[in-house]
Amino acid sequence: MKKWDTTGIENWGWKKQPLGATIPTAGNAVDNKTGGWRTERPVQDAEKCTNCLLCWINCPDSSVRVKDEKWDGFDYEHCKGCGICAKVCNVGAITMINERGEE
Ligand code: SF4
Ligand code: SF4
């Protein structure tokens, strides 16, 4: 099976993703920087954040980083931009923004 070449995927944008691409093996989420599928990205306002970690618990992609029991950033190499973190944040500290200004 042809291997999916993800070189430079962090700069691809969603339009360059191959249609119907598959990742044929399990347990390789760290190796495949699937954040390139994203059309929107979450951004966080540290002033509003209360470190409740609801975003961390609810992220289906384990793309919210935690350090010393506090919010420590998004893993944009794997975040798919689903927006769940923004929905569950009770204080409105997360906003979804367009990934690259593409329509
Ligand atoms: S859900 Fe909102 S307030 Fe809670 S840790 Fe995440 S960004 Fe901070
Ligand atoms: S947008 Fe979705 S995948 Fe990305 S950090 Fe938020 S919940 Fe996780």
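**View 1. Trp71, Phe74 and Tyr76 come together as one aromatic cluster.** This is a predicted model, so to speak of local features we ask for pLDDT of at least 70, while side-chain atom pairs count only at pLDDT 80 or more and totals for chains, interfaces and linings use all residues. Residues are numbered from 1 along each chain as its sequence is written, chains are lettered from A and ligands numbered from 1 in the order in which they are written, and side-chain values use heavy atoms, with hydrogens and water left out. There are 2 aromatic pairs in the structure. (Rings of Phe, Tyr and Trp, the last by its six-membered ring, pair if their centres lie within 6.5 Å; planes under 30 degrees apart are stacked, over 60 edge-to-face, and the rest tilted.)

**View 2. Arg41 puts its charged end over the ring of Tyr76.** The distance to the ring centre is 4.2 Å. For a charge to sit over a ring, NZ of Lys or CZ of Arg has to be within 6 Å of the ring centre and within 35 degrees of the ring normal. Tyr76 itself is partly exposed, at 28% relative accessible area, whereas Phe74 is buried at 8%. (Buried is under 20% relative accessible area, exposed over 50%, partly exposed in between, using a 1.4 Å probe and protein chains only.)

**View 3. Cys85 and Phe74 both belong to the largest nonpolar core.** (A nonpolar core is a set of buried Ala, Val, Leu, Ile, Met, Phe, Trp, Tyr and Cys residues joined through side-chain atoms within 4.5 Å.) Leaving aside residues up to four places away in sequence, Cys85 touches Pro42, Cys55, Phe74 and Ile94; contact here means heavy atoms within 4.5 Å.

**View 4. Asp75 sits in the loop between strand E3 (70–74) and helix H2 (84–88).** Helices (H or I, at least four residues) and strands (E, at least two) are DSSP runs, numbered from the N terminus. Asp75 is buried at 11% relative accessibility. Not counting residues up to four places away in sequence, Asp75 touches Ser63 and Arg65.

**View 5. Asn51 and its positive phi.** Asn51 isn't a glycine, yet its phi is about 60°. Look for Asn51 in the loop between strand E1 (40–44) and helix H1 (54–58), where it is partly exposed at 30%.
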